[in-house]
Amino acid sequence: MTSNAASSGSQFLSLHLLETLVAVLPVRDENGAPKSIVYGGYERHMITSQARRRAERVHTRNRANAGVGALAGHRTGVRTREWALTTARALDSAHGWEWDEAIRTARAVIEATGLKFGDPAKKTVANLTKVLLFAPEDAGTRIAAHIEEHAATLRPWTEEYVEAQTQAAKAKAKKGARKGAAPDAPVEGADTPAADVKLPPLPGETRAAVLTALAPRDAVDIALYGRFLAEIADSPNVDGAVQSSHAFTVHEAEQVDDFYAAADDAKLDRKANALDFLDAADDAGAGMTGYQSLITGTFYRHAVLDRVKLRNNLRAAGMTAEEAEEASVAAEAEFVTAFVDAFPEAKKNSTASTGSLPALVLAFEGERPYNYAAAFQAPIDENPVDKDGEGPAGPAAVRRLLKHHAFVSRRRPDIRTGRVLTYDPRIEELLGTLEDTGALAVASAEELTA
């Protein structure tokens, strides 16, 4: 293990989870259908790692901001396109700027730093960056404070910048008009090519201040999950310490297209109080009908935490070795909690999906990541055992996963401190019957990590 790894334990913490979901739709494709993959020659339902990672990240951030959990008091990040709006709100509320000037200045400063914005002619996107930017949640406040401090310089710079942008837009429009006109037709005011309009450069100290505000700094969730920003070459990217796999069903996909009918309350009230049967007949029928696809199944998912990468990310953000160690231990505890508890919120009100608890969580340490998806390459056959099946998918998947882990553990000496957690009493009984699981049973998510 490298010298800057955790003070105790191996470099990688591997997590494996089995969960059974009934009539849910956590993620959908562009057509509103459940996502799926083909594995082992059979179609499987899939929940993408992106959906799970966002759920975990938001779960961690919300707990930290609420003063709950190991990361209480630590800084977290926000992923948004609204940094100009956030900065303008801080200029407006904290520094007394008029809104129009605040948003104009904030957009100009951030755009001149290197971020591209939406079409100024479209109000819905004019003040939104074209890409989502994951940055510390106080970035807008810090940029606003710098703008206020250097207002004497930035106010005239903004006016010059916006005027140059306007001239460039006019020149570009006239160039387009000239292309569509007759060869000899004059185009009014077309003597200034767009290429000749130069935007004034952003003052160096302001650009540095914006880059510093948007830098990952000590936002722990950025150190965990990483970020990539291609638009600004000198803005630091972060290779996240967490690797996540897509979850998939351990058996063949099972899907139902659920027909639903929504009632129109006003129509039903008229029908209930109708004094003529013809009036009641006019109000027959549902208010709206449709279909939604729902999936059911036992899913396997996996994630791994690189403890060395996490500490390096926090050190690169400016923490001392001691601060990085303390924050890393807290981040690991919250990451494990989020892996167990967090769930994507799509259709949560109509399916109660966020209340699901895993049937089994397996955690262990090693000198490299370990993915056990191969244990389910052959889909589980849920036919009764006496008909050559494996029985219900949940218990069958637990048996397969732990058998696979015990087998690998005997051949990989770096695997150690295996622990299992279940929230299903039937699985707890099953664990008592297994001779070799390669893991110690624990009673809480906190006990999954040393």
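**Starting from Glu334**

Mentor: Glu334 counts as buried, at 3% relative accessibility. Keep in mind as we go that this is a predicted model.

Trainee: Okay, where is Glu334 found?

Mentor: Glu334 is in helix α11, which covers residues 321-341.

Trainee: And what is Glu334 in contact with, leaving aside neighbours within four places in sequence?

Mentor: Thr60, Arg63, Gly69, Ala70 and Leu71. There's also a C-alpha separation of 10.0 Å between Glu334 and Ala72, which are 262 residues apart along the chain.

Trainee: Which residues of α1 are buried?

Mentor: Ser49, Ala51, Arg52, Ala55, Glu56, Arg57, Val58, Thr60, Arg61 and Ala64. Thr60, one of those buried residues, is also a contact of Glu334.

Trainee: What comes after α1 that has a positive phi?

Mentor: Gly67 follows α1, with phi near 75°.

Trainee: Which residues other than glycine have a positive phi?

Mentor: Ala23 and Ala352 are among them. For Ala23 phi is near 50°, and for Ala352 phi is near 55°. They're worth a look because most residues other than glycine have a negative phi.

Trainee: Switching topic. Is Thr87 buried or exposed?

Mentor: Buried, because its relative accessible area is 0%, and the cut-off for buried is under 20%. Thr87 belongs to helix α2, residues 83-95.

Trainee: What is Thr87 in contact with, beyond four places in sequence?

Mentor: Ala106, Ile110, Gly140, Ile143, Ala144 and Ile147.

Trainee: Now Lys35. Where does Lys35 lie?

Mentor: In the loop between β1 and β2, the latter being 36-39. Lys35 is partly exposed, with a relative accessible area of 26%.

Trainee: What does Lys35 touch, not counting residues up to four places away?

Mentor: Val27, Arg28, Asp29, Arg44, His45, Met46 and Thr48.

Trainee: Where is Val308, and is it buried or exposed?

Mentor: Val308 is in helix α10, residues 307-316. Val308 is buried, with a relative accessible area of 8%.

Trainee: Let's zoom out. How many helices and strands does the chain have?

Mentor: The chain has 14 helices and twelve strands.

Trainee: What is the radius of gyration of the chain, and what would a compact globule have?

Mentor: The chain has 28 Å, whereas a compact globule of 450 residues would have a value near 22 Å. Along the principal axes, the C-alpha atoms fill a box of roughly 90 × 85 × 50 Å.

Trainee: How much of the chain do buried residues make up?

Mentor: 46% of the 450 residues. As for contacts with a separation of 6 or more, 75% are between residues 24 or more positions apart.

Trainee: What about the surface and the charges?

Mentor: The accessible surface comes to about 22,500 Å², and 51% of that belongs to carbon and sulfur atoms. The chain has 52 positive and 64 negative charges, and their mean positions are 5 Å apart.

Notes
Residues are numbered from 1 along each chain as its sequence is written. This is a predicted model: local features need pLDDT of at least 70, side-chain atom pairs count only at pLDDT 80 or more; totals for chains, interfaces and linings use all residues. Side-chain values use heavy atoms; hydrogens and water are left out. Helices (H or I, at least four residues) and strands (E, at least two) are DSSP runs, numbered from the N terminus. Buried means under 20% relative accessible area, exposed over 50%, partly exposed in between (1.4 Å probe, protein chains only). Contact means heavy atoms within 4.5 Å. The radius of gyration is taken over C-alpha atoms; the globule rule is 2.2 Å times the number of residues to the power 0.38. Accessible areas come from the Shrake-Rupley method with a 1.4 Å probe; for residues, only the protein chains shown count as cover. Lys and Arg count as positive and Asp and Glu as negative; His and the chain ends are not counted. The place of a charge is taken as NZ of Lys, CZ of Arg, CG of Asp or CD of Glu.
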